[in-house]
Amino acid sequence: MTNRLFVPLAIVTAAMFAYAPFMILGAPYESTMGLVQKIFYFHASAGMTLFAAAAVSGIGSALFLFTRKPWADRMAVSGAELASIIGLVVLVTGPLWARKAWGVWWQWDARLTSTLVMWLIFNAYLLLRKYGGPGSDRLAAAVALFGMANVPFVYWSVNVWRTLHPKTSVIPSLQPGMRGPFWFCVLAFLLLFTLVLIVRMGLEHRRAELDELYLALED
Amino acid sequence: MRRFVEAVWLVTRKDLLVEARTKEIFLTTLFFALSCVLVFAFGFVREGRAVGDAAAGILWIAIAFSGTLALGRAFERERQGETLRALLIAPIDRPALYLGKLLGILILLAAVEVVVVPLVALMFQAALFDHALLMLGLLATGTIGFAAVGTLFAAMLVRARSRDVMLPVLLYPITVPVIIAGVRGTAALLQAEVDVPMARAWLSMLVAFDVVFITIALWTFEPVMTE
Amino acid sequence: MGVDFSTLRFADVSRNYGRRRALNRVSLTAGAGSITALLGPNGAGKSTLLSIAATLLRPTSGEVLYGDVSLRDGGAALRARIGMLGHDLYLYPELTAAENLRFFARVYALPDVERRVDGALAQAGLSDRGDDLVGNFSRGMRQRLALERALIHEPRLVLLDEPFTGLDEASRTALRARLEAVRRAGGIVILTTHDTAAIAGLPDASVSLVEGRLAA
């Protein structure tokens, strides 16, 4: 997309990611965990971006299901793909952190489990689109909608069941020195997400245009 | 409104009539559920007693697996003869069609559970009937939640490719809260110091889940089924 | 019950599946008391056109009008005036002929269910087989029953997908007579076939589809 802001934003994002490691290194050492704690900067940022991707996909799906506007479907599928990839990042960096922090690779607590379930739902969404045959864009949109509605229930259930993950309040309780790098990384991730989303939606848009051209050719 | 209820009942009655003739889905689902219980028993029974909360887990997994099978089979039936199309062409409100099919599935699953639940209680010496009302509530709301989502998904997959494997792939992640609530609620009733308030909390969550998801299903059935 | 209409109109209707165009700017009009034949080879888009007319599919572009009512606005009331017979017959093999008819009669909210059921059985020549399971019927019997099921609510618009396929000579004659009766009663009949010989002399108009497009 030849959006005039795109290239400058891309440069800014690249610069932020280039600088991020320095910021992270400069941040204070966490007392108990040492170096491994620094994964948190990317892990939590990815986590926030995952929810952004999920929201984008969910909203796109709802819009597509009820208005059948093609751009809504493009938003839905792009968000879902990004959610799948970012989810993978979250689910890999999390255990790396957890092994050091809690001594185990995985724990069945609310946040982990609902992230895993949400990731599975988006993968199911992508599988359906790939293997479901014609009309699967509409069906997948319903899956995304149900998936979104599902997340609070999963969260609540597992929360009542057990909880070990640091609660959301870990952010305010961050040492002052850590807050800067943290929000920097969050911003970098969200920028990257937005850029990739735009590119991905553009790709779908071009695919649709190609289909139209094929059809016009037959006329 | 009356017309709506009549339509729902028409669809359900037809499904029950067809099933009563052949009993095919009921019997195959029942025996599948029993096989599930057996297979899981080998995994979780040690020295004649179920390990920990295994009985609760086994029960709900059996319900989930056999429920998925029943859903698939029920809609496969509508695929032969394309009768689902005939119903979509008919002047039945789409939500009524959804509810009619849901009710039919629920009655079928209830019939299966009537056999499987006492059997699990027997085989695992699980005191499932000490708090019968609560247990019934958990089973009812859990099955409703599972079937509510399952009916929509099975209906929408009727003409999709790979529908046999897609149904469980789509259904299980979304019904995770139902399974958690069902298992934990049942376990709360089975443990040494029975935790009734806990079981009640799970029951409330299931009720909320059912209300939310049946509403979403009624809302999305029409757009999802229209090509 | 329902909205009634006296014409069916397709205005520039297209239906795409991604890169594949199933229907390409098809226009046709059919009035009450007529039989229109849709001809064309397999894959030409005949079934797609019927599905759209039956409100099962939405067109990608173009308008479908039932009298003054557009497909978009028509709901259950519109569907009450449409009858369709598909290739798969839309019958429940586990139920008897009478039960099938009764179910659909109730679905269409017909006031005099039993009379209609008896009438339909008589028209299909199955009055003595009413309580037999459809699963045990021969193909011809099933087809006759399926047709009466589609007509039981006296629809204005009658859509038939390949109704003459697999019928013997006697059944064909019977079907022709039945469709002529529907025409006399003011119905709009649209049927598809790829066998022009079977329908010779029957339709008032013929429309040919080739690769989704109207052939001249």
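This is a predicted model: local features need pLDDT of at least 70, side-chain atom pairs count only at pLDDT 80 or more; totals for chains, interfaces and linings use all residues.
Helix axes here are lines fitted to C-alpha atoms over the stretch in contact, and angles run from 0 to 180 degrees between N-to-C directions.

## Helix packing in chain B

Take helix α5 (residues 94–123) of chain B and α6(B). Their axes come within 9 Å and cross at roughly 135°. The crossing of the two helices α5(B) and α6(B) is right-handed.

On the α5(B) side, the contact uses B:Y98, B:K101, B:L102, B:I105, B:L106, B:L109, B:E113 and B:V117. Facing them in α6(B) are B:L139, B:T143, B:I144, B:A147, B:A148, B:T151, B:L152 and B:A155. By class, this contact of α5(B) with α6(B) holds 12 nonpolar, 2 polar and 2 charged residues.

Helix α6 (residues 132–157) of chain B also packs on α3(B). Here the axes come within 10 Å and cross at roughly 35°. The crossing of α3(B) and α6(B) is right-handed. From α3(B) come B:I63, B:A64, B:G67, B:T68, B:L71, B:G72 and B:F75. From α6(B) come B:T143, B:F146, B:A147, B:G150, B:T151, B:A154 and B:A155. The contact of α3(B) with α6(B) counts 8 nonpolar and 6 polar residues, with no charged residues.

A further pair joins helix α2 (residues 24–44) of chain B to helix α3 (residues 54–79) of chain B. They pack at an angle of about 150°, and their axes are 9 Å apart. The helices α2(B) and α3(B) are therefore roughly antiparallel to each other. Their crossing, α2(B) with α3(B), is right-handed.

Residues of α2(B) in this contact include B:F32, B:F40 and B:F44. Those of α3(B) include B:I58, B:F65, B:L69 and B:R73. The contact of α2(B) with α3(B) has 16 nonpolar, 2 polar and 1 charged residues.

| Helix pair | Axis distance | Angle |
|---|---|---|
| α2(B) and α3(B) | 9 Å apart | about 150° |
| α3(B) and α6(B) | within 10 Å | roughly 35° |

## Contacts between chains

Now chain A against chain B. The contact takes 29 residues from chain A and 26 residues from chain B. Three helices of chain A each supply at least two residues to the side that touches chain B: α2 (39–67), α4 (110–131) and α5 (136–161). Of chain A, α5(A) gives the most to this side, with 17 residues. By class, the side of chain A that touches chain B has 21 nonpolar, 7 polar and 1 charged residues.

Chain C also meets chain A. There, 5 residues of chain C are in contact with 5 residues of chain A. The chain C side of that contact has 1 nonpolar, 2 polar and 2 charged residues.

## The sheet in chain C

Chain C carries an open sheet of 4 strands, in the order β2-β1-β4-β5, with antiparallel pairing. Its edge strands are β2 and β5 (69–70) of chain C, and each pairs on one side only.

Strand β1 (residues 7–17) of chain C pairs with strand β2 (residues 20–31) of chain C in the antiparallel sense, over 8 bridges. In this pairing, C:T7 stands opposite C:G31 in β2(C). The hairpin of β1(C) and β2(C) has 2 residues between the strands, and C:G18 takes a positive phi near 60° there.

β1(C) also pairs with strand β4 (residues 61–66) of chain C. The two strands run antiparallel and are joined by 5 bridges. One residue pair is C:R9, whose bridge partner in β4(C) is C:L65.

## Domains of chain C

Chain C is divided into domain 1 (1–81 + 155–216) and domain 2 (94–154). The C-alpha centres of these two domains of chain C lie 23 Å apart. In their contact, 10 residues of domain 1 meet 10 residues of domain 2. On the domain 1 side, the largest share, 3 residues, comes from helix α6 (residues 169–184) of chain C. The side of domain 1 that touches domain 2 has 6 nonpolar, 2 polar and 2 charged residues.

Notes
Residues are numbered from 1 along each chain as its sequence is written. Chains are lettered from A and ligands numbered from 1 in the order in which they are written. Two residues are in contact if their C-beta atoms, placed from the backbone, lie within 7 Å. Ala, Val, Leu, Ile, Met, Phe, Trp, Tyr, Cys and Pro count as nonpolar, Asp, Glu, Lys and Arg as charged, and the others, Gly among them, as polar. Two strands pair if DSSP finds at least two bridges between them. Angles under 35 degrees count as roughly parallel, over 145 as roughly antiparallel, 65 to 115 as roughly perpendicular and the rest as oblique. A crossing is left-handed if the near helix is turned anticlockwise from the far one by less than a right angle, and right-handed if clockwise. Domain bounds come from an automatic or database domain assignment.
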